[in-house]
Amino acid sequence: MAAMELETAAEASLKPPPVLTDYFAPHVLLEVLNFLDLKSLATGAQTCRMMYLVADVLLDRPTWKVYQGPQLQSVVPGKPSAANLPHSWVQFARDQLIKENVMGRPNVGFLTMKSFFPANFDIGGLFPADTSIIGAMSKRIVGVDSRNRVLENDNGAFHFSSLALATLPGVETFTFEATAENLQSPASVDAIFDQLADRGVAWKVFVLHITADCENAELFLKALNERFPGSQLVGGLVEPHPRALMSLHNGVTHVFGEGLVGMAMAGDLVFNSQVSHANHPLSDPFVITSCKGDQIYKVRPYKEGEETKTGCDNDSSNDGMSVLDPIFRVIQATGGNVPFFVGLGDDAESGYELHQLTSIARNRNGMETGIQLGYDLDLQAGQHIRIFGLESKSALNDVEARLQAAQETCAELAKMPLGGLLFTCGGRGLQFYGRSEVESSIFQRKLPGTPLSGIFALGEVGPAALAGSKPGSLKRADPKLQGFTAVFGVWFVPRFNRPNMDRFKKQQEDETGKVLLERREKAALVRVCRSS
């Protein structure tokens with residue numbers, strides 16, 4: 001009798017109980033529950049296996065959150081000294097984002113600490129195993145946190161740190177490191193590039209932190225761009241220290257310094273980089289008629305609408321004026337009080353790459369013959385030059401125009417901003433603008449509700465600044481290490497984001513297989529009991 005009851009119960013267990021998908025189509029279920037906050041999803045995941053599968057998919061929806069705050073001792077007074085370690089601050093920052101009920105399972109992170117990282121710094125246990133984080137030490141941070149609060153610490157007077165965590169579904173990441181010694185060895189650099197290439201994906205974005213004392217950084221950037229053409233590079237120089245940099249990959253934390261740390265990103269992502277320079281034209285455009293190497297001797301005025309051929313032979317005649325004439329006119333007009341750059345371009349419409357005037361060129365008799373730009377340039381007759389000056393008002397207008405252009409470009413593709421990074425020059429703060437929190441406030445106004453984190457850098461990595469170019473231009477100059485720029489990197493996602501149905505179906509099939517296996521095992525146990 002007991003055996004018969006056991007068999008009846010086993011047969012009944014083989015009949016699957018009703019689940020949510022018996023009442024709702026899977027795509028409808030995902031669309032509806034996508035409106036739940038994270039806490040409600042986590043609670044619902046404990047009710048049944050189907051809700052667990054739904055929550056597992058929806059917890060990976062795109063998010064980007066930023067926490068910025070002071071060192072822990074000023075937040076939690078009376079805590080023991082161990083609680084003031086950077087590890088504890090990261091844990092505190094992570095918990096704050098979780099409490100805001102907006103943070104899913106992060107797979108990407110960017111950390112900026114006020115002080116250097118301890119040798120035993122380890123945050124691997126605080127995040128999922130597939131989370132990649134790179135970080136750097138910087139006393140001067142900039143950003144907009146998840147509560148839409150602007151924070152800039154451009155004088156380093158306050159002990160603030162910053163943690164940005166993002167959930168980017170369908171994005172693959174890879175962190176890499178290079179010490180200053182590695183960058184001296186072409187074989188070591190090639191080994192890093194080979195590791196990236198061996199992943200077999202098309203890398204779209206590279207984010208880099210580089211210590212300011214790192215030699216050959218510019219050569220590394222050039223080689224990286226040549227090895228992975230079409231990718232976009234953003235980053236900045238940070239203060240040198242033996243423990244200024246860190247990375248987290250596959251649950252392992254590594255702290256080091258005097259080199260660079262980077263994160264490569266590929267997959268389903270839309271990224272837009274914008275570089276702004278605080279400049280306005282101080283002269284009319286000119287065409288080079290005589291030059292050699294990185295020196296310019298003669299120029300002539302550019303006639304609007306004319307076509308010029310770059311690389312034409314130098315004009316050895318007396319046609320044209322000395323390049324010193326417009327230089328001296330600018331100095332006289334500004335009283336020598338406005339720092340200026342020499343813009344160099346292939347035409348007058350695409351914009352000018354800015355270069356500092358290194359020195360005045362002289363002949364053997366000591367006579368002034370032209371200007372020298374340096375940078376190992378190979379100038380060509382027919383190229384265009386124009387002189388640009390630094391001005392805070394022009395910087396404001398340019399930052400606004402370029403962020404507006406980034407938003408409009410992605411809005412046309414039904415994209416919306418998710419989060420961003422900013423690497424701005426240390427000279428573009430209170431002393432330059434006359435007030436603080438300028439560039440972060442512009443970002444907050446142009447891309448409302450979009451978190452931002454970044455630093456005041458000692459040099460910025462991004463597309464070469466093209467003065468005079470149209471903000472909406474899709475043309476990107478090759479990345480380089482430059483100064484007095486603001487480099488923005490913004491990630492965009494579809495405005496109408498849909499849950500991942502393919503992943504849900506696969507997980508549903510896997511879970512169904514597990515349930516059927518359990519029921520078959522129960523039935524087999526019943527037969528064994530009955531036969532005995």
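User: Which residue in β25 stands opposite Gly 236?

Analyst: Gly 236 stands opposite Glu 460 in β25. Keep in mind that this is a predicted model.

User: How do you know that β9 and β25 count as a pair?

Analyst: Pairing asks for at least two bridges. Strand β9 (residues 232-238) and strand β25 (residues 460-463) are joined by two bridges, so they meet the cut-off. The two strands run antiparallel.

User: What makes β25 and β27 a pair?

Analyst: Four bridges link β25 to strand β27 (residues 479-482). With at least two needed, these strands therefore pair. Their direction is antiparallel, and Val 461 has Leu 481 of β27 as its bridge partner.

User: Happy with that. Why are β1 and β11 called edge strands?

Analyst: Let's start with the sheet. It is open and has six strands, ordered β1-β6-β2-β3-β10-β11, with mixed pairing. β1 (63-70) and β11 (252-256) each have a single partner strand, so one side of each is without a neighbour in the sheet. On average, neighbouring strands here are turned by 10 degrees against each other, direction ignored.

User: What makes β2 and β3 a pair within it?

Analyst: Six bridges join β2 (residues 108-113) to β3 (residues 132-137), and at least two are required, so they pair. These strands run parallel, and Leu 111 has Gly 135 in β3 as its bridge partner. Helix α5 (residues 86-99) lies across β1, β2 and β6 (160-167), at about 130 degrees to β1.

User: Why are α10 and α12 called roughly parallel?

Analyst: Helix α10 (residues 392-411) and helix α12 (residues 438-446) pack at an angle of about 30 degrees, with axes 10 Å apart. Angles under 35 degrees count as roughly parallel, and α10 and α12 therefore qualify. The crossing is right-handed. On the α10 side the contact includes Leu 396, Val 399 and Leu 403, and on the α12 side Ile 442 and Phe 443 are among the residues. The contact residues divide into six nonpolar, two polar and four charged.

User: How do you know that residues 80-84 call for caution?

Analyst: The chain has a mean pLDDT of 83, with 81% of its residues at 70 or more. Over residues 80-84, however, the pLDDT is below 50, and this stretch has five contacts in the model beyond near neighbours in sequence. Where pLDDT is low, the predicted coordinates should not be read in detail.

How values were computed. Residues numbered from 1 in each chain as written. Predicted model: local features only at pLDDT ≥ 70, side-chain atom pairs only at ≥ 80, totals over all residues. Heavy atoms only, no water. Axes fitted to C-alpha atoms, helices over the stretch in contact; angles between N-to-C directions. Contact = heavy atoms within 4.5 Å. Parallel < 35°, antiparallel > 145°, perpendicular 65-115°, else oblique. Left-handed = near helix turned anticlockwise from the far one by under 90°. Nonpolar A, V, L, I, M, F, W, Y, C, P; charged D, E, K, R; others polar. pLDDT = per-residue confidence, 0-100.
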